[in-house]
Amino acid sequence: MTVLQKNALDKIKKIHVLSRKLNGKTKSRHEKKLLDLMRKHIDEIEDLHKTKNAHFLVETGDLIILCFEILLENDCSIDETVELCFNRYNNKIKQLLKKS
């Protein structure tokens, strides 16, 4: 399954190259920065959501990009990982529904 079309994947890869130049040339430094940015985006999303500011949706998109970046930083296939997670979430939700 393809989660991202080739042009979208190419854009994320270009962003990742620029991000690595800006945020740390080593894997550990870049991962640390990505995780920090993810935490900040989660806080911002929560704050915007609480005030019913629809911009929280754009910030959620930014968080998705950061998540894709951390997968790329670890040489992980976005398509394979997302497909794995689709199945995991589907099964987990079904299990939880059976229990409720």
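Against which helices do the buried residues of α3 pack? In this predicted model, the buried residues of α3 pack against α1, α2 and α4 (78-99); here buried means under 20% relative accessible area, exposed means over 50%, and partly exposed lies in between, with a 1.4 Å probe and protein chains only.

## Basis of the model

The model is predicted, and local features need pLDDT of at least 70, side-chain atom pairs count only at pLDDT 80 or more, and totals for chains, interfaces and linings use all residues. Residues are numbered from 1 along each chain as its sequence is written, and side-chain values use heavy atoms, with hydrogens and water left out.

## Overall architecture

The protein has 4 helices and 0 strands, and from the N terminus its elements run α-α-α-α; helices (H or I, at least four residues) and strands (E, at least two) are DSSP runs numbered from the N terminus. Along its principal axes the C-alpha trace spans about 50 × 35 × 25 Å.

Of the 100 residues in the protein, 25% are buried. The protein exposes about 7,700 Å², of which carbon and sulfur atoms supply 59%, as computed by the Shrake-Rupley method with a 1.4 Å probe. Among contacts (heavy atoms within 4.5 Å) between residues at least 6 apart in sequence, 57% join residues at least 24 apart.

In α3, the buried residues are Glu59, Leu63, Leu66, Phe68, Glu69, Ile70, Leu71, Leu72 and Glu73. The 18 residues of α3 should span 26 Å at 1.5 Å a residue, and the 25 Å between its end C-alpha atoms agrees with this; the expected span is 1.5 Å times one less than the number of residues.

Helix α1 (residues 6-23) and helix α3 (residues 56-73) pack at an angle of about 80 degrees, with their axes 10 Å apart. That makes α1 roughly perpendicular to α3. The axes are lines fitted to C-alpha atoms, for helices over the stretch in contact, and angles run from 0 to 180 degrees between N-to-C directions; angles under 35 degrees count as roughly parallel, over 145 as roughly antiparallel, 65 to 115 as roughly perpendicular and the rest as oblique. On the α1 side the contact is made by Ile12, Lys13, Ile15, His16, Ser19 and Arg20, and on the α3 side by Ile65, Phe68, Glu69, Leu72 and Glu73. By class, this contact of α1 with α3 has 5 nonpolar, 2 polar and 4 charged residues, where Ala, Val, Leu, Ile, Met, Phe, Trp, Tyr, Cys and Pro count as nonpolar, Asp, Glu, Lys and Arg as charged, and the others, Gly among them, as polar.

## Ser19 and Leu34

Ser19 lies in helix α1 and, at 8% relative accessibility, counts as buried. Leaving aside its neighbours within four places in sequence, Ser19 is in contact with Gly24, His30, Leu34 and Glu69.

Leu34 belongs to helix α2 (residues 27-50) and is buried, with a relative accessible area of 0%. With neighbours within four places in sequence again left aside, Leu34 is in contact with Ser19, Leu66, Glu69 and Ile70. Although Leu34 and Ile70 are 36 residues apart in sequence, they are 6.8 Å apart in space, C-alpha to C-alpha.

## Loop residues with positive phi

Most residues other than glycine have a negative phi. Lys52, in the loop between α2 and α3, has a positive phi near 60 degrees, and Lys52 counts as exposed at 75% relative accessibility. Asp75, in the loop between α3 and α4, likewise has a positive phi, near 50 degrees, and is exposed, with a relative accessible area of 76%.
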